[in-house]
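Open the model in a viewer and keep the selection tool at hand. The stops below go from loops to a helix and then to a pocket.

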Amino acid sequence: MFHLTFLLFLLALTFALGAYVKHEHYGLACSWLDCRDTLFPTNRAQLWQTLHRLIATVVGGYVIVLVFLSRKWETPIKMRLFFAGVVVATQLAIGVWTIVTSITIPWAVLHLAVATLLVALLFDTWLYIKTS
């Protein structure tokens with residue numbers, strides 16, 4: 001239960017950082033892999049975008065760890081977390097493609113929609129555990 005509560009908090013933080021990056025027009029401060037000439041951010045825009053990516057990476061890694069830990073748990077939890085792992089991988093690919101396409105509206109909306117699916121899925125898992 002703690003893992004999912006903490007993960008939902010991290011997701012809320014990721015959403016907040018993503019919204020800030022979007023509304024400040026920092027989305028293209030870095031390319032999909034690095035911050036132009038360096039791996040590390042060198043200005044405010046790059047710092048905020050890197051922070052969003054860093055927290056999102058922590059969330060993704062945490063979900064993947066939970067997928068492996070769930071081997072011992074009951075099947076409905078395992079299935080939900082496996083699906084969450086698939087959603088994380090999809091979200092990563094869409095996030096990269098959103099940057100590659102210079103944040104075109106359809107890809108940006110899909111990026112947000114898949115992130116929302118991840119929140120809904122993890123919240124559903126949290127509710128399932130809480131009510132079981």
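With a 1.4 Å probe and protein chains only, a residue is buried under 20% relative accessible area, exposed over 50%, and partly exposed in between. This is a predicted model: local features need pLDDT of at least 70, side-chain atom pairs count only at pLDDT 80 or more, and totals for chains, interfaces and linings use all residues. Residues are numbered from 1 along each chain as its sequence is written, and side-chain values use heavy atoms, without hydrogens and water.

Select Ile103, in the loop between α3 and α4. Helices here are DSSP runs of H or I with at least four residues, numbered from the N terminus. Ile103 is partly exposed, at 31% relative accessible area, and its phi is positive, near 55°. Most residues other than glycine have a negative phi.

Next, select His25, in the loop between α1 and α2. Its phi is also positive, about 60°, and at 68% relative accessibility His25 counts as exposed.

Move to α2, residues 44-69. Its buried residues include His52, Ile55, Val59 and Tyr62.

Finally, display the largest pocket, with a volume of about 1300 Å³; the volume is the space filled by probe spheres set on grid points joined across faces, edges and corners. A pocket is an open set of points on a 1 Å grid where a 1.4 Å probe fits, with protein on both sides within 12 Å along at least five of seven lines; lining residues have an atom within 4 Å of a point. Of its 43 lining residues, His52, Arg53, Ala56, Gly95 and His111 lie nearest the centre. α2 gives the most to this lining, 10 residues.

Key. Helix = DSSP H or I, 4+ residues; strand = E, 2+ residues; numbered from the N terminus. Expected span 1.5 Å × (residues − 1).
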